[in-house]
Amino acid sequence: MKNPLQTKLCDLLGIEFPIIAFTHCKDVAVAVINAGGFAVLGEAMHTPEQIAADAKWIRDRVEGRPFGIDLVLPASVPPADTLEQLMEKIPQAQRDFAQQIKEKYDVPDPKGPIALHQWGGLNQAIARAQLEVLLDERVPVIASGLGSPAFILERAHQLGLKVFGLVGKTRQAKRQIDAGVDAVIAQGYDAAGHTGAMGTFSIVAEVASIAGDTPVIAAGGVTTGRHLAAALCLGAAGVWTGTRWLASRESDLDMILKEKLLAASADDTSYSTCISGMTMRVLACPWTEEWKKPGAPDVLPAPYQMLLSSDYLQGANDHRRADLMTEAAGQGVGFVTEMKPARQIVFDMVEEALATFDELTGEPA
Amino acid sequence: MPPDAISARPGFDATLAGRRAECDGGSAIPGTRYAGREEFTGTLSGEYVDHGDPPWRWYRLCDLERKPPGYPADSVWCEAQSLFLIDAAAP
């Protein structure tokens, strides 16, 4: 029997296992790459200088193996306001409600100014400057976590780079595939962070049905080898995993959050707009639960809700209040029960996926 | 190169002016490492801006019939690949 884990994604990237770690931690990325998987470092918040330094740091540690960097290319941009103008537009009812939460849970003040970063693809010029660095540094895979990377395809391909696009709808996938992306990541509702409304099982199968030879990578709720096997059965050529690595040994996440992730199940995640004004899945916390209650005011749109929640979030993090802290987490978090080295996680996923195929076929894969 | 040094060249496409479209939009969220999706339906004004080289084209979607609850403006700039024409003349 052909090795079911030797997929066209492996051929495309020259990797051993079709497992992609999406991580903000360079140590996790290097460990996964050197274990035979692939890693994409999330750099949306970073300046071009930081991105260049991180690319060099990884390159020095992976012995010629490929790696990727993910940016958040915007897909829509509202007319611009200054931070002060935005703050002035927050209605009093929502301000009062945030203050009530703060008093009820004794949420401490942040230790410093709210760290509302100015980077992160918030407008076209910033995203463009970040992209230029990826091209200059010849980052082997450029991934776009939101907007279409089609406009950069020709230039990236001329440089021998590959471009991946992450989508939440089938029509977005078709656009990007027609434009010539090298792989498309189909992300389902089960995922951590901001997601679309379509479930992973549905979107992966649907995108795979229209993808032709373009590899499809399944994202959303993937934390085990059994998920990997299922994704391949749906027509994917690999998986894009995020939550799995947050609690890995190498992860630089606060230990309090690691422990919360290890203890959490899918029921402990909350999908709402109350953090940022856009739908986002995180570990439930007092902030998410209070905004769901009857009598809570309407959640504000982005970016106003984020301005409102930042005081709570930063106060909780600065003072390491376990009862208040939260982190993005997908619905597969229930399988994240041990703080293993990233390398071990890769091997465990591979072994479990192969065992799953053995069960299905009745013969060793 | 500082971000604000990147060129932005405005233009107008009369063939798109007045066409209804949906935008599968979204952007990064200030203060987080994440991005959020937002959906809009409206009418294209025909205005566009090309950012940088190769050009990254953005269209203005006006008279928004559908926008996120509380969205404060009546127009949004949408990246060309994220726009889907929905009126009868759509190709």
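## Helix H2 of chain A

In this predicted model, helix H2 of chain A (residues 26–34) has 7 of its 9 residues buried, so it is largely enclosed by the rest of the structure. Buried here means that 20 or more other C-beta atoms lie within 10 Å of a residue's own. The residues that pass that test are A:Lys26, A:Val28, A:Ala29, A:Val30, A:Ala31, A:Val32 and A:Ile33.

So what do the buried residues of H2(A) pack against? Two strands of chain A are on the list, S1 (19–23) and S2 (38–42). The helices H3 (48–59), H11 (243–246) and H15 (342–361) of chain A join them as packing partners. After H2(A) comes A:Gly36, and its phi is positive, near 105 degrees.

## Chain B, strand by strand

Over to chain B, where there are 0 helices and 6 strands. Read from the N terminus on, its elements simply go β-β-β-β-β-β.

How much of chain B is buried? Of its 91 residues, 38% are. As for contacts in chain B with a separation of 6 or more, 48% come from residues 24 or more positions apart.

## How confident is the predictor?

For chain B, the average pLDDT is 85, and 85% of the residues score at least 70.

The complex itself gets an ipTM of 0.85 and a pTM of 0.92 from the predictor.

Definitions and conventions. Residues numbered from 1 in each chain as written. Chains lettered and ligands numbered in written order. Predicted model: local features only at pLDDT ≥ 70, side-chain atom pairs only at ≥ 80, totals over all residues. Buried ≥ 20, exposed ≤ 12 C-beta atoms within 10 Å, placed from the backbone. Helix = DSSP H or I, 4+ residues; strand = E, 2+ residues; numbered from the N terminus. Contact = placed C-beta atoms within 7 Å. pLDDT = per-residue confidence, 0-100.
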